[in-house]
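Trainee: I would like to go through this structure step by step. Where do we begin?

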Amino acid sequence: TRELLPEEATALREYWERGGRLWIALEPDGAALEPLLQPMGLKSLRVPLANDRVYFRTTRQQSDRGNLGTASFSSHPSVTSLSALGSQGAVAFLGATALETVTPPVPGVLLDTSVRAHGETFADRNGDFEREPGEVTKAWPLVVAVERPAAEGKPAPRAVVMADADALGDGILGNVGNAYLAVDTLRWLSGEEALSGVTTSEEDVPLQHTRSQDVVWFYATVFGMPVAVLAVGFFVTRRRGRRAPRSTAVAGGAR
């Protein structure tokens, strides 16, 4: 991937500072985006992440350790659905890069690490998928939501920085966690985070009764319904009998 030209980086940064919305996805061997990341208080080490304990197995080879999986989410609006799903909404990152916040923080920039890697994830500097001494192990940021206060008359600048562009690939979006991550991120960037949330299932929920309730329903069906039918029939018959016309006697007059 080619590097950003200085004028391209400047145009994107100025767009964001005027209230624009950016979605930045990184790769360990991708372009250096420091001109964009630094004003947001972030930096990419351009080093791949790996985990030798928690990962997605796809090829049964050691390289699978670079397929990170996590269900560690914050309460940020950009991950509302994932927070509700918990472990059922685990997100896959197939080749993430080490992402860090800068020190000291950039004044006025609000950062929220909405998705973190498993705590035993390490920065695999030599790319051998083995944890070596000196390779930093921690819950690395995988997705960071960035926001600045809005200038007068302008919307607040927002950005989402992801440590892996492959998490948005066509093949991986079939995973529920990745799909919700993409949808809720778009909603937050567009200012429609109030619409975020887990889709309600249309599956019929079976009715459940206690044993005593089942006994009541049984006797009500066997005895109650026939008695009710007989009572209604008796009432209708009586009413019809009362309304029957009486015979009228006719007296003959003398001529």
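Trainee: How many aromatic pairs does a search of the whole structure find?

Mentor: This is a predicted model, in which local features need pLDDT of at least 70, side-chain atom pairs count only at pLDDT 80 or more, and totals for chains, interfaces and linings use all residues. Residues are numbered from 1 along each chain as its sequence is written, and side-chain values use heavy atoms, with hydrogens and water left out. Rings of Phe, Tyr and Trp (its six-membered ring) pair if their centres lie within 6.5 Å. For the whole structure, the number of such pairs is zero.

Trainee: Which residue lies over the face of Trp140?

Mentor: A charge sits over a ring if NZ of Lys or CZ of Arg is within 6 Å of the ring centre and within 35 degrees of the ring normal. At 4.5 Å from the ring centre of Trp140 lies Lys138.

Trainee: In what order do the five strands of the open sheet stand?

Mentor: Strands are DSSP runs (E, at least two residues), numbered from the N terminus, and two of them pair if DSSP finds at least two bridges between them. β1 (21–25) and β4 (72–73) each have a single partner strand, so one side of each is left without a neighbour in the sheet. The pairing is mixed, and the order is β1-β10-β9-β7-β4.

Trainee: What is the bridge partner of Arg116 in β9?

Mentor: Strand β7 covers residues 110–116 and runs antiparallel to β9, with six bridges joining the two. For Arg116, the partner in β9 is Pro141.

Definitions and conventions. Rings of Phe, Tyr and Trp (its six-membered ring) pair if their centres lie within 6.5 Å; planes under 30 degrees apart count as stacked, over 60 as edge-to-face and the rest as tilted. Helices (H or I, at least four residues) and strands (E, at least two) are DSSP runs, numbered from the N terminus.
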